[in-house]
Amino acid sequence: MKKIFAVLLTGVLLVCCGCGAEQAGQVRQIQNVDTAMGTVISQTLYTTGDETETAAEIMELLRKLEEDVLSRRLDTSEVWSLNAAAGSAEGCSLSDPMEEILEGCLEIWEKSDEAFDVTMGPVVSLWDIDSWAAGEKEGMFAPPEEEQLQNALEICGSGSLDIRGNRLYLPDGAQLDLGAVGKGIALDHILAYLREKDEITGAVISLGGSVLTYGQKPDGGCWNVGIANPEDTASNVGILTLEGEWFISTSGDYERYMEVDGIRYHHIIDPATGYPADSGVAGVTILAKDGFLSDALSTACFILGEERGLALAENFGAEALFVGKDGSITMSRGMKAYYHSGK
Ligand code: FAD
Ligand code: MG
């Protein structure tokens, strides 16, 4: 058995962002790289101020969101409490922001023909690709037994998300997993934070495969965001040239995976089968004006594949670009205005 593990921390490559702190007229550039939410966080900030705490405050914001709200691994988070109460008749109290997140997830679940499903926790845990790919597990990786998979699948399904009177009632064994939207939600919070900071004139923030562009470059030029080539993630298949605020999210089969006997088992699961999605797509990039939406749609479109994915993205007013396993590139009509091959 051949064991290959890889944790690729960015689905997008930032192009033309520069390094370190630079002076450009009155505007200083601050560059910061750190980790949170199990991924690399890269910040490029342009500021007219002389404060250096902005990057640290953004990291603090991310860690607080992870610890208090989104994490499935930390017992301090709201998601943890909701999962711990699964099966209880009393359910668990639901914060207003979490109710809004779950309502948003339910809408995408419905419109994606149930492909996008944040109740896939039991199946995601059974595969545990994150831990295998990070090299945290001992022994040889093997796909779960079919019977175990079917049993776990039976517990899943957003149709059983029961929200009543600011409480969530989950069935016994059910587990929420917001891994497909967490980074997009975090970018929405970062945008709100940046808007309050007058001295920040521009920024590119990358949380693994999800990116926010904000404001302007000092020279007035556009933001260039590269789309990783699934075959060779050190290169890209093209560049998106963007002005102002955008959210760009990429989901790919190269982000976290294990390979056994030439078969790649990655981290995005098709709820119809319980197996890693196999729609002929190697990577999907979504361009949208909302972080939650861009992250959710990149995952959903990866599972649905080109044709159904394009229709879903269009339904939400987002742009989509698909890189097929054969290297082909398909995109929505609107995406063409921002994309160039870079060749
Ligand atoms: P996306 O396509 O955006 O999401 C894929 C993820 O969505 C899967 O990993 C799974 O969790 C979930 N998923 C799978 N199938 C479906 C489906 N059909 N519908 C909906 N969701 C699905 N990783 C670690 O290794 N260690 C950590 O400590 C860690 N902490 C995290 C804390 C937070 C708050 C969040 C949000 C994520 C954390 N992660 C951690 C997960 C890691 O960052 C994931 O790789 C990431 O969330 C997946 O993002 P992606 O862009 O690769 O793929
Ligand atoms: Mg996603």
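Analyst: The residues of the shell around ligand 1 divide into 10 nonpolar, seven polar and nine charged, where Ala, Val, Leu, Ile, Met, Phe, Trp, Tyr, Cys and Pro count as nonpolar, Asp, Glu, Lys and Arg as charged, and the others, Gly among them, as polar. This is a predicted model, in which local features need pLDDT of at least 70 and side-chain atom pairs count only at pLDDT 80 or more, while totals for chains, interfaces and linings use all residues. Residues are numbered from 1 along each chain as its sequence is written, chains are lettered from A and ligands numbered from 1 in the order in which they are written, and side-chain values use heavy atoms, with hydrogens and water left out.

Of the 26 residues around ligand 1, those that come nearest are Asp177, Gly179, Ser251, Ile269 and Thr299; a residue is near a molecule if one of its heavy atoms lies within 4 Å of it. Helix H1 (53–70), helix H7 (182–195), strand S13 (246–252) and helix H8 (291–304) each supply at least two residues of this shell, and the largest share, three residues, comes from H8. Here helices (H or I, at least four residues) and strands (E, at least two) are DSSP runs, numbered from the N terminus. The shell also draws at least three residues from each of domain 1 (2–67 + 181–340) and domain 2 (70–169), with bounds that come from an automatic or database domain assignment.

Turning to polar contacts, which are pairs of N or O atoms within 3.5 Å, a backbone N or O atom of Ile269 lies 2.8 Å from a nitrogen atom of ligand 1, and a backbone N or O atom of Asp117 lies 2.9 Å from a nitrogen atom of the ligand. A polar side-chain atom of Lys183, in turn, lies 3.0 Å from an oxygen atom of ligand 1. The protein covers 92% of the 950 Å² of accessible area that ligand 1 has on its own, as found by the Shrake-Rupley method with a 1.4 Å probe.

Definitions and conventions
A polar contact is a pair of N or O atoms within 3.5 Å; within protein, one must be able to donate a hydrogen and the other to accept it, and residues adjacent in sequence count only if both atoms are side-chain atoms.
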